[in-house]
Amino acid sequence: MSKEKSMEKLTSLCKRRGFIFQSSEIYGGINGFWDYGPLGVELKKNIKDAWWQDMVRNPPLGPDGEAIEMVGLDCSIIMNPRVWEASGHASGFSDPMVDCQTDNCKGRFRSDKIQDMVCPLKPSKCPGQFEKCQLTEARQFNLMFQTYVGAVQDSSSMAYLRPETAQGIFANFKNVLDSSRLKLPFGIAQIGKAFRNEINPRNYTFRSREFEQMEIEFFCHPQDSMKWYQWWRETRLNWYSSLGIRSEKLLPREQEKEELAHYSIGTTDIEYLFPFASTPQELEGVAHRGNYDLTQHQLHSKQDLTYFDEESWEKDKANRVTNSFREWVKDKSAEEISKYQFLPHVIEPSAGADRFTLAVLCEAYYEDKQPDEKGVLQERVVMKFHPRLAPIKAAILPLVNKDGMPEKAMKLFKELKPHLPIYFDDKGAIGRRYRRQDEIGTPFCITIDGQTNQDSTVTIRDRDSLEQIRIPIDRVHHEITTRLTAKPK
RNA sequence: GCGGGCGUAGCUCAGUGGUAGAGCGUCACGUUGCCAACGUGAAUGUCGUGGGUUCAAAUCCCAUCGCCCGCUCCA
């Protein structure tokens, strides 16, 4: 299947079944913004919940088999604009550009580098020197959305919608440290919306202007930072696999030196081979940011953001005349001090919730052939979501609408409803109902049939294998729960 | 931002100046003891939006918005 065709099929299914809609569609839409429908919101919520559960509430054991400390945070989207001066987003990342409007040129150039560039029409000259050049004024291409705080719109009230959740974590580093009795190493996690004026939104929801991030800032001792960098890289990769992403489509890629952001010592992109692209695209960046961010915020806020390593200080007690750090520090070099008081290094696994949701949708889409009632192979569309992520976990179906089957099915449905997202369907032929569930990725179908009347058993059908087994009706809840947490095949 | 293609029912699409269509889906009733395209019936469109040309526009022209592809961009 061509890449255009397979994305078309997926986007049409997403709309038809209520996973993803274009934002403000009845008004003609808006480029780069998307809405999640009834099934999409469940899917995305399951993804965010899985991340929170597996990274924050119950993270895996650390590199030496030790438990690691993780806490959460939920910061405001609009912050003091000075945050973005400190982070570099306000100044460093928006280059003034000029466009050439000459008919067969239409080039775009960075205005600060224009002397070093070559005019596409007259290679002996720079853009602007050739008599036919029609350059526009230099225009600022700012990636951040601007807004105004308060009713009066002037420059003093200007603010930005955050372009990443990370800076809220750095800005709260001291607050979390002072309120949570945490010691290095520890991580602070946040899930939240971020906004970027992407120059060119493309590829369905992949490059959107409003998106949701799942970010961790993991603070550690500078000496251990490489160890933690490696560990997070592996941990994050494993997480994607545990949710059913095939390893051959999931590729970690160490960024080249030239590619690295100026603050980063190393970054690994975890990339996924989407059907719309011929090369893998970034799902998550695991970046070693050193102490760049805390340094910047310390500088701009003039607040002390250092960490005092009580443990090392106590350990070296015997070698000192005083136990007062304030006293001791007076005649010491910066290097000596930094043994006890320093800015932690940071490993940042930053994942895109919408990008991963899209990857999950792409990964789940299958067309296969299954026999119909006459044994003739018929095409089937099935979303093979990992059961943990599936929006609906099970459908409760009476085989036919008589002999008390619908009543029994409804009773079971009502019993399970408070515990699981499930669906009741008694419309049309049973085969059609199974296929409908396949298309929205429901992993299990529970069917109440004639035998249920005799021995109180029902069948449970597996979405992928179509296999059915009989289980007692009072074991249904247990059986589904068990299967939801099973490892992917 | 540039160039090309496209926009008709929920989805996929036919319809090139003269009555708005098909398949699937949806809903109702019937049928249906296990894997959709069984029967009967029904609903659904100011043909993306705005303007223009014309006796007459889904169809031609202009603008605009959105989608897809290729560049450009992506701290």
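Predicted model: local features only at pLDDT ≥ 70, side-chain atom pairs only at ≥ 80, totals over all residues.
Chain A contains 15 helices and 23 strands, and of its 489 residues, 47% count as buried. If we take the contacts in chain A with a separation of 6 or more, then 63% of them are accounted for by residues 24 or more positions apart.

I would like to start the detailed part with strand β12, residues 266-272. Seven of the seven residues of β12 are buried, so the strand is largely enclosed by the rest of the structure.

The largest nonpolar core has 56 residues, and the residues with the most contacts inside it are Trp232 and Phe356. Helix α11, residues 353-364, supplies the largest share of this core, namely eight residues. If we set aside residues up to four places away in sequence, Trp232 touches Met55, Ile68, Met70, Ile216, Phe218, Val286, Ile347 and Pro349.

Next, the aromatic residues. The count comes to 29 aromatic pairs, and I will pick out two of them. Phe206 and Phe274 form an edge-to-face pair, at 5.2 Å centre to centre and with 70 degrees between the planes. Because Phe206 lies in the loop between β9 and β10, and Phe274 in the loop between β12 and β13, this pair ties together parts that are 68 residues apart in sequence. Both Phe206 and Phe274 are buried.

The second example is the pair of Trp313 and Tyr340, which is likewise edge-to-face, with 5.1 Å centre to centre and 85 degrees between the planes. Here Trp313 sits in helix α8, residues 310-315, and Tyr340 in the loop between α10 and β15, 27 residues apart, and the pair links these distant parts of the chain. Trp313 and Tyr340 belong to one aromatic cluster together with Phe308, Phe325 and Trp328.

Arg233 lies over the face of Tyr229, at 5.0 Å from the ring centre, and the charged end of Lys384 sits over the ring of Tyr366, 4.5 Å from its centre.

Now to helix α5, residues 173-180, where Phe173, Val176 and Leu177 are buried. These residues cover an arc of only 100 degrees around the axis, which puts them on the same side of α5. The face of α5 turned away from its buried side carries the exposed residues Asp178 and Ser179. What do the buried residues of α5 pack against? They pack against β3, α4, β9, β10, α7 and β14. Following α5 comes Arg181, whose phi is positive, near 55 degrees.

My last stop is Leu420, which has its place in the loop between α12, residues 405-416, and β20, residues 422-424. With a relative accessible area of 9%, Leu420 is buried, since the cut-off for that term is under 20%. Leaving aside its neighbours within four places in sequence, Leu420 is in contact with Lys393, His477, Ile480 and Leu484. Leu420 and Ala394 are 26 residues apart in sequence, and their C-alpha atoms are 8.1 Å apart in space.

Conventions. Residues numbered from 1 in each chain as written. Chains lettered and ligands numbered in written order. Heavy atoms only, no water. Buried < 20%, exposed > 50% of the residue type's maximum accessible area, 1.4 Å probe, protein only. Helix = DSSP H or I, 4+ residues; strand = E, 2+ residues; numbered from the N terminus. Core = buried A, V, L, I, M, F, W, Y, C linked by side-chain atoms within 4.5 Å. Contact = heavy atoms within 4.5 Å. Phe/Tyr/Trp six-rings, centres within 6.5 Å; stacked < 30°, edge-to-face > 60°. Lys NZ or Arg CZ within 6 Å of the ring centre and 35° of its normal. Arc of directions from axis to C-beta.
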